[in-house]
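This report covers a sheet with its helix, then a chain contact and a domain contact.

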Amino acid sequence: MSQHHRVVKAPRMQARVSLEDVSALARGCAVLGTGGGGDVRPAAVAARGAIREYGEVPLVRLDELPGDALVLPLSGIGAPTVSNEMIQSADEPLHIRDEIERIFGRPPAAVMSSEIGGGNGVSPVAWAARLGLPLLDADAMGRAFPEVQMVSMYVAGIPANLVVMADVLGNVVTIRPVDGLWSERIARAVCVASGSSALMADYVLTAAECAGAVIEGTVGRAIAIGRATEGAQDPLAALEAELGAVRLVTGKLTDLERRTTGGFARGTVTIEGTGGDRGRKLTLEIQNENLVAIEDGVVRAMVPDLITVVDSQTATAVQTESLRYGQRVTVLAWPCDPLWRTPKGLETAGPRAFGYDLDYVPVEAIETAGSAA
Amino acid sequence: MSGGAGVTGRLRIGIDVGGTNTDAVVLDEADRVLAKAKRPTSPDVTEGLRAALDAVLGEVAEPTLVTRVMLGTTHATNAILERRALGRVAVLRLGAPATTSVPPLSDWPEDLRKTVSAGAAIVGGGHFVDGRPIAPLDADAVRRFLGGTPADAVAVTGVFSPATADQENEVAEIVRAELGEVPVSLSHEIGSLGLMERENATVLNAALYGVAREVTTALQAVLDARGLRVETFFAQNDGTLMAVGYAARYPVLTIGSGPANSIRGAAYLSGVPDAIVADVGGTSTDLGVLVSGFPRESAAAVEIGGVTTNFRMPDILSIALGGGTVVGQEPRSVGYRIAREALVFGGATPTMTDAAVAGGRGVVGTHPVPDEWRDRLADAVRRIDELVADAVDRVALGRADRPLVAVGGGAFLLPDELPGVPEVIRPEHAEVANAVGAAIALASGRLETIVPAAGGGNHRATLIDKARQEAAARAVAAGADPASVQIVELSEIPLSYLPEPAVRLHVKAAGPLAR
């Protein structure tokens with residue numbers, strides 16, 4: 001895998017997440033959500049509220065933490081309809097922190113987002129503020145994925161042997177599963193008993209273990225993505241440049257077929273080119289996230305590379321559930337983190353992990369081959 | 001136009017207070033337009049209302065035959081946008097220890113929060129999605145909060161109250177016992193699932209009680225001055241009416257009634273139940289879709305004055321094209337100065353009105369279009385057609401079998417042929433379609449709750465039946481004739497990741513006003 005396509009660019013000077021950073025972070029997380037990852041808006045409200053009450057959140061790089069410092073990856077689990085109605089208790093992160101301290105004999109040193117894409121990339125700001133902890137500038141996906149084993153720690157071979165969950169009433173459950181599958185199965189059951197919404201820490205690990213097992217720089221990157229489009233003359237061009245993305249098509253959404261199977265919102269979206277792209281036609285295959293982009297029977301980009309649909313005017317990311325006929329959109333695709341391009345990474349979250357009988361080809365390789373042809 | 005001699009039977013007046021104009025119409029029992037008037041909307045809203053009402057009443061031979069007045073007004077919207085005349089609200093949420101991560105009014109603009117909030121508390125209570133209580137209602141905490149928080153009104157929002165409303169009702173009883181006449185807004189009567197958005201709408205509603213009193217008093221004064229003894233109704237955001245007593249309790253529902261009225265009015269005037277409606281004003285054109293006589297509703301969250309709510313508002317696409325829009329400088333519009341500044345009125349500013357006149361689409365103004373402008377205005381006509389065709393395509397969602405009904409003062413700007421519509425209909429009285437829409441509207445009630453998914457057996461059937469009855473009861477409370485109320489909408493949205501399969505049930509009932 002050539003290094004010049006690494007997602008992580010040079011280290012940024014983003015040292016903290018301030019009140020003013022939250023909207024840029026939310027915009028960026030929506031872009032990295034590739035259509036999924038949950039709504040960023042309620043998460044941004046919670047993050048702003050927590051910063052107002054508890055102060056700005058320091059953003060730390062992995063190399064700034066001592067090797068034995070505990071990193072706490074946090075994510076919400078449950079049904080979005082429920083979490084938007086029965087909003088989290090402010091104390092859920094505290095309960096998890098206390099339990100971790102009981103188990104490890106020391107408190108966690110930093111919070112990490114399990115999934116930078118969508119609302120789960122924004123909420124950790126609120127949790128870190130509440131805990132008075134810094135936020136690690138990293139996450140476990142570099143994007144959004146629908147299943148719990150689709151995390152960098154799994155790809156790196158770290159065992160899923162501890163899950164700690166807290167609910168709105170303060171019930172705390174510690175699970176010591178035998179593997180990732182049981183981790184998912186038991187966590188879901190606990191979540192249902194807790195009213196279908198809970199906060200969860202899994203893969204609690206030391207800073208030393210994090211090296212090579214998390215995707216670094218993604219919080220700063222999300223903020224930079226959000227900033228790039230704010231007040232830009234041409235937000236779309238600015239976003240494209242910031243991402244280093246390939247513009248697959250600019251056009252109009254002309255067909256949208258949705259089906260719900262196996263708990264996933266699946267669908268096929270057709271975008272017909274307009275303006276300079278007139279006469280072209282791109283279809284997107286969706287399972288919660290945008291997974292495969294096809295034009296004239298040829299795949300132009302596929303998971304785990306990132307494919308995001310944005311409003312052509314504002315460059316705001318459009319979530320899969322908000323796609324509607326007639327929208328003027330542009331489809332962008334850009335390379336995933338190199339971790340996902342390893343054999344274990346592709347086995348975990350490559351096209352076949354989602355049921356597509358496709359050999360993975362990196363988006364930039366497809367693009368080069370296409371323009372050479 | 002004449003309300004000439006020989007008119008018998010009861011009359012009614014529809015009024016729509018818009019951003020630029022206040023329109024009024026008088027309709028007879030057969031829904032024929034007997035009189036119409038357009039007056040500038042005044043800064044205080046009420047003067048414009050009085051002027052429009054006086055104008056139409058002056059045309060009617062027997063004003064005493066008027067028995068009903070239907071008002072669609074921007075009073076509530078303006079009050080929120082201008083932070084004017086808003087009441088101070090004690091904001092109570094039932095849900096602790098849940099929901100404490102996002103306190104009430106967290107996402108409100110600072111100035112609006114300061115204006116409206118008398119204080120907020122999250123007390124023990126609320127329900128889980130399956131109906132179990134999160135905590136018993138902490139009635140002592142409710143009393144302590146009420147005692148320590150003097151306010152003009154109280155807003156109560158319980159977690160999952162749209163499915164389980166008993167705790168909110170219990171709090172209403174406590175407020176009555178403790179504070180007597182202080183009005184209470186209960187969230188389950190106002191919004192649907194989504195705590196923050198429903199709470200926001202409930203607090204706005206509580207803040208608007210004073211504005212609602214102001215409007216009803218002003219309207220009553222105008223009517224009394226004319227010696228009219230009438231029933232009054234208010235238009236709401238879904239294109240239906242509520243009796244004045246009901247509107248006084250749910251003033252927030254009047255927000256967004258303007259577009260709904262014009263869509264409903266267009267439906268009536270054209271006689272078409274399914275259509276695309278374009279309302280062309282001075283600064284913009286609003287496009288909406290008429291589905292079985294009602295406006296199609298928006299799926300997106302609606303922001304009012306910087307506050308997010310989950311109202312079901314008409315799905316409107318606004319484009320910067322109006323009669324006063326300056327050619328080549330969209331979205332700039334000369335607005336009400338069009339009668340001075342447009343070329344056809346002898347002015348120096350080329351407007352879309354000039355373009356339409358030059359293109360032979362209408363005869364407006366006092367001056368011919370100067371020849372040196374011909375080429376640029378021809379380009380502008382093509383621009384109009386391009387903008388409208390694009391907007392029609394956006395709202396049509398792929399269907400090309402519905403006509404376009406053109407209404408509003410600037411309807412003549414629109415072409416007679418457009419891609420994606422078989423026909424452009426220009427009904428008589430189109431310029432006052434919104435006031436007509438207010439006058440002919442039905443009364444409605446709606447309800448949202450959670451029920452088991454299909455296969456849920458008798459319990460599910462009972463719950464759905466109960467929901468239908470409650471929606472119908474709400475329509476009757478809003479003024480509908482109990483004998484002719486019908487369920488006009490019943491939709492189920494599946495919920496994911498729940499212990500038992502469940503759906504979100506939405507029911508709407510509507511019917512003509514009781515005679």
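## A helix across the sheet

Helix α6 of chain B, residues 195–207, lies across β5, β7 and β8 of chain B. Its direction is at about 165° to that of β7(B), where axes are lines fitted to C-alpha atoms, for helices over the stretch in contact, and angles run from 0 to 180 degrees between N-to-C directions. Helices (H or I, at least four residues) and strands (E, at least two) are DSSP runs, numbered from the N terminus.

The model is predicted: local features need pLDDT of at least 70 and side-chain atom pairs count only at pLDDT 80 or more, while totals for chains, interfaces and linings use all residues. Residues are numbered from 1 along each chain as its sequence is written, and chains are lettered from A and ligands numbered from 1 in the order in which they are written.

## The sheet in chain B

Four strands of chain B form an open sheet in the order β6-β5-β7-β8, with parallel pairing. Two strands pair if DSSP finds at least two bridges between them. The edges are β6 (117–124) and β8 (184–186) of chain B, each of which pairs on one side only. On average, neighbouring strands of this sheet are turned by 20° against each other, direction ignored.

Within the sheet, β5 (residues 89–96) and β7 (residues 153–158) of chain B are joined in the parallel sense over six bridges. The bridge partner of B:L94 in β7(B) is B:G158.

## Contact between the chains

Chain A brings 26 residues into contact with 27 residues of chain B; contact is counted if the C-beta atoms of two residues, placed from the backbone, lie within 7 Å. On the side of chain A that touches chain B, α2 (40–54) and α3 (80–83) of chain A each supply at least two residues. The largest share, four residues, comes from α2(A).

By type, this side of chain A has 13 nonpolar, 11 polar and two charged residues. Here Ala, Val, Leu, Ile, Met, Phe, Trp, Tyr, Cys and Pro count as nonpolar, Asp, Glu, Lys and Arg as charged, and the others, Gly among them, as polar.

## Two domains in chain A

Chain A is divided into domain 1 (12–219) and domain 2 (234–372), with bounds from an automatic or database domain assignment. The C-alpha centres of these two domains of chain A lie 26 Å apart. Their contact takes 19 residues from domain 1 and 22 residues from domain 2 of chain A.

On the side of domain 1 that touches domain 2, α1 (21–32) and α6 (152–155) of chain A each supply at least two residues. The largest share of that side, four residues, comes from α1(A).
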